[in-house]
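Me: I would like to learn how to read some features of a protein model. Can we take them one at a time?

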Amino acid sequence: MLYTKENWGPVPSGWTRRRLLGLQELSSEELTILLDLADRFRKNVLDNPENARKISLLNGKAIVNLFFENSTRTRVSFGLAGRRLGADVIEFSAATSSLSKGETLVDTAQNILAMGVDAVVVRHGCPGAPRLLAQNLENCAVVNAGDGAHEHPTQGLLDVLTMRQRLGSLEGKTVAIVGDIAHSRVARSNVFALQKLGAKPIVCGPSTLVSPHWAELGVEYAYSLDEILPRVDVFNLLRIQLERQVVRPFPSLAEYAHLYAMNAERLARCKKDVLVLAPGPINRGVEITPEVADGPHSAILDQVTNGVAVRMAALWATLTAVAERRF
Amino acid sequence: MLYTKENWGPVPSGWTRRRLLGLQELSSEELTILLDLADRFRKNVLDNPENARKISLLNGKAIVNLFFENSTRTRVSFGLAGRRLGADVIEFSAATSSLSKGETLVDTAQNILAMGVDAVVVRHGCPGAPRLLAQNLENCAVVNAGDGAHEHPTQGLLDVLTMRQRLGSLEGKTVAIVGDIAHSRVARSNVFALQKLGAKPIVCGPSTLVSPHWAELGVEYAYSLDEILPRVDVFNLLRIQLERQVVRPFPSLAEYAHLYAMNAERLARCKKDVLVLAPGPINRGVEITPEVADGPHSAILDQVTNGVAVRMAALWATLTAVAERRF
Amino acid sequence: MLYTKENWGPVPSGWTRRRLLGLQELSSEELTILLDLADRFRKNVLDNPENARKISLLNGKAIVNLFFENSTRTRVSFGLAGRRLGADVIEFSAATSSLSKGETLVDTAQNILAMGVDAVVVRHGCPGAPRLLAQNLENCAVVNAGDGAHEHPTQGLLDVLTMRQRLGSLEGKTVAIVGDIAHSRVARSNVFALQKLGAKPIVCGPSTLVSPHWAELGVEYAYSLDEILPRVDVFNLLRIQLERQVVRPFPSLAEYAHLYAMNAERLARCKKDVLVLAPGPINRGVEITPEVADGPHSAILDQVTNGVAVRMAALWATLTAVAERRF
């Protein structure tokens, strides 16, 4: 079946937000709407040869990719998602921006909006920057593509979407997020989504990277990966982001890999149908070994495809909510 | 009403130029044609929900953004204008260009043209570079997006368009251009447009930035902002472009702001319906204070929207003139 | 006549490759298919006003420009070729890539593919990098846009296409490739194509840049340009690529120009209808003088236009071969 703007149907009435700033503030109903939408985009547009991966839901809309931190993967994924929906996508990188001429972030954003932009996808090193933008941009959709160590909601969504597709439901499942928890907006967005969907998150890593304060969010924490192996349904293996760390939190990458790398030996001690995710870019031999990354338990590349579907869902939902308020 | 290529009508017969290099060489009739076109694009395409901000006048055309100086605002504005007209826009920044391999500017341009490009939008640090390109590019539209301290015609157009929309007519109006006049192509393009439309321009700033030679262009000059406040209809507050200055022309930014910042106190001594423009990016607290920038007299964000409309007009008019000569 | 997807016809059955990695591995039949296709795109799409330079053969397809070396010309040419065919083209430059975060080239490519990309155009400093990618990318077209000193197949194709258009047939023609032969993937791709089409290639340059090992490929080599002038039908003048050379292979650019520049005096000693090509960007006064570059024997700008046509042929042929295998 060929899907078009005419037969695709409306955004579910439970979604009214014009911005997606984080998963913490979403209800589980809202979370489920986005995941269901992403599932539909994946199945009926991206994987459907008749649709040639396109559906013109956002024809005539202009989306700006406003990235103040380098990111190929996320930027290209949002860019593809927008184009798959028929929108124009304009790139705006920090290196060439007016910010270096002394303009404030809010002025930059208001200028972009005044040019007739319908949505801003923003990545910024400063937590809260997307919210600051959203507060100053009436009549514009805003999607957070990662803000400091705060949230990376579309990454959280694509992670739980991949889990849900493989496991059916996340209710009662145990999901371990392993690695550089201290510096990770991905860990936070995962935890919020998992809790809302009834899963039990564990954060795991060296004590220098895993704070006991996670308990205050209702999250179990563990310093030994080996001890939790047998009772975990999904491992989400975060990158060691050396570029974010001021003091090196462990003696060497080899030491980290010795204690925390998911390898064939550790995999053998996991549940039979354990699922292994990694948001990438992966450091082969550090947080994951090639035989696991390329093996049958890995859903790494599936996550990437789901990333486009999730971003299509986020852009369509927020842009439609804006349009309904505007006209 | 939905506007399409079929019912939009032709470019007015008074416009035959294939390039827009500056406002000095335009007749007042030509200037008015561009302003009227921009007004139509603003009202009937950008602000008209039925058109979803698009009209396919330039389908199949390819426009190259050839920027040898960094510029987000102008580059994105031209990019949006081209896409709103249905053209493909290709970015070509100096950092990755063959110029660093020793190619001449004219060879670069002829190569671009040979690839089948229909229009080149060029920004260059060297005054006259767009004219050099235009002389060597037959069958190609050329639009100057700023060349050294020479002209920035689309900025001049969007400034006077904004004034005309607010004031009705510029005939007999007094317009003060304040700030870094010495290094400003924006000041020059403004002066040329204002004189052609019957307005009286004043350039105002410290004596290190305002030359008495402006009198030779028939322009009044003033060193004291406070003295001219009561008799000015429009203030156009230019950025202090510290990045262009070899010797610092005033003791400090604080000193500049003390004498030339448009603030609430000065605004109170202006005409009741005074209009305040600023081409941006603005330095809040230097040439303008936040209460003025965000207040009712400010048309700063309106200028930005008009920028897209003006660039649509410039691209459509020059590309159509090229097409008529070619076939 | 207006050409559309419906009346354009299929890719000739002799073409089944999903990747274009080099010209050495192509049969002369395959080579001729690409040249004939490029001729059709040139004549019926690029030069045909009715088609407005566009034909929607690749609507809904996404092409990634994956450039690990700077290149304006080739990147823009591929970008235009893709857009002329109706595809979306996404830019992915090395500077902002995840490779700097420690990801392998194959992981980067698999991630791009997982996002739903249909073709990857890759330029890389390392010979063989496109082949490595192709081996790891099922269901994706791969086109080499230049890999180290190995091959630059679309440049070779556009060179011989330009010769064929001007000379009718290359059978028995003598083609001298002059200049920086040692560091040139362009020389290699030219030689392979010329031999398959029945022409006789000569490589010519200083002994520090022209190895006697070319004889093993069946190629004549010469150190004196003056001696071969009278018997050559086509000169292809390569750039002196100083940026690739560790040790300077000749005393000065003036010395090189003295011995190898194609100038009016040397042109007078050539065949009457000699053809002069240069892949550019040209160094005026080094490998070619302005009176030759801009004179009637030069086909330099024609090469650039053919470049877009050749890349349309390469993208359409490889993408169609992929699509036929996939569905």
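This is a predicted model: local features need pLDDT of at least 70, side-chain atom pairs count only at pLDDT 80 or more; totals for chains, interfaces and linings use all residues.

Me: Is the peptide bond between Gly280(C) and Pro281(C) cis or trans?

Reply: Look at omega for that bond. Gly280(C) and Pro281(C) are joined by a cis peptide bond, with omega about -5°. In chain B, the bond from Gly280(B) to Pro281(B) is cis, and omega is near -5°. Pro281(B) is in the loop between β10 (275–277) and α10 (290–293) of chain B.

Me: How is chain A related to chain C?

Reply: Chain A goes onto chain C by a turn of 120° with a shift of 0.0 Å along the axis, and the RMSD is 0.0 Å. The two copies are thus related as by a three-fold rotation axis. For chain A on chain B, the superposition is a rotation of 120° with 0.0 Å of shift along its axis, at an RMSD of 0.0 Å.

Me: How many residues of chain A are in contact with chain C?

Reply: Count each side separately. On chain A there are 22 residues in contact with 19 residues of chain C. On the chain A side, α2 (73–84) and α11 (300–326) are the elements that give two or more residues. The most come from α2(A), with 6 residues. By class, this side of chain A has 10 nonpolar, 7 polar and 5 charged residues.

Me: Which domains does chain A have?

Reply: A domain may be written as more than one segment, as in the assignment for chain A: domain 1 is 19–150 + 305–326 and domain 2 is 153–300. Their centres, taken over C-alpha atoms, are separated by 26 Å.

Me: How many residues of domain 1 of chain A are in contact with domain 2 of chain A?

Reply: Again, take each side in turn. In chain A, 22 residues of domain 1 are in contact with 20 residues of domain 2. On the domain 1 side, α1 (28–46), β5 (141–147) and α11 of chain A each supply at least two residues. That side divides into 10 nonpolar, 9 polar and 3 charged residues.

Me: At what angle do α1 and α5 of chain B cross?

Reply: Read the distance between the axes, then the angle, then the handedness. The axes of α1 (residues 28–46) and α5 (residues 153–167) of chain B come within 10 Å and cross at roughly 70°. That makes α1(B) roughly perpendicular to α5(B). The crossing is right-handed. On α1(B), Leu34(B), Leu35(B), Ala38(B) and Asp39(B) meet Leu157(B), Val160(B), Leu161(B) and Arg164(B) of α5(B). This contact has 6 nonpolar, no polar and 2 charged residues.

Me: And how do α5 and α6 of chain A cross?

Reply: The axes of α5 (residues 153–167) and α6 (residues 185–196) of chain A come within 8 Å and cross at roughly 55°. α5(A) and α6(A) are therefore oblique to each other. α5(A) passes α6(A) in a right-handed crossing. Among the residues in this contact are Pro153(A) and Gly156(A) from α5(A), and Val186(A) and Phe192(A) from α6(A). By class, the contact holds 7 nonpolar, 4 polar and 1 charged residues.

Conventions: Residues are numbered from 1 along each chain as its sequence is written. Chains are lettered from A and ligands numbered from 1 in the order in which they are written. Copies are superposed by least squares on the C-alpha atoms of residues with pLDDT of at least 70 in both. Two residues are in contact if their C-beta atoms, placed from the backbone, lie within 7 Å. Helices (H or I, at least four residues) and strands (E, at least two) are DSSP runs, numbered from the N terminus. Ala, Val, Leu, Ile, Met, Phe, Trp, Tyr, Cys and Pro count as nonpolar, Asp, Glu, Lys and Arg as charged, and the others, Gly among them, as polar. Axes are lines fitted to C-alpha atoms, for helices over the stretch in contact, and angles run from 0 to 180 degrees between N-to-C directions. Angles under 35 degrees count as roughly parallel, over 145 as roughly antiparallel, 65 to 115 as roughly perpendicular and the rest as oblique. A crossing is left-handed if the near helix is turned anticlockwise from the far one by less than a right angle, and right-handed if clockwise. Domain bounds come from an automatic or database domain assignment.
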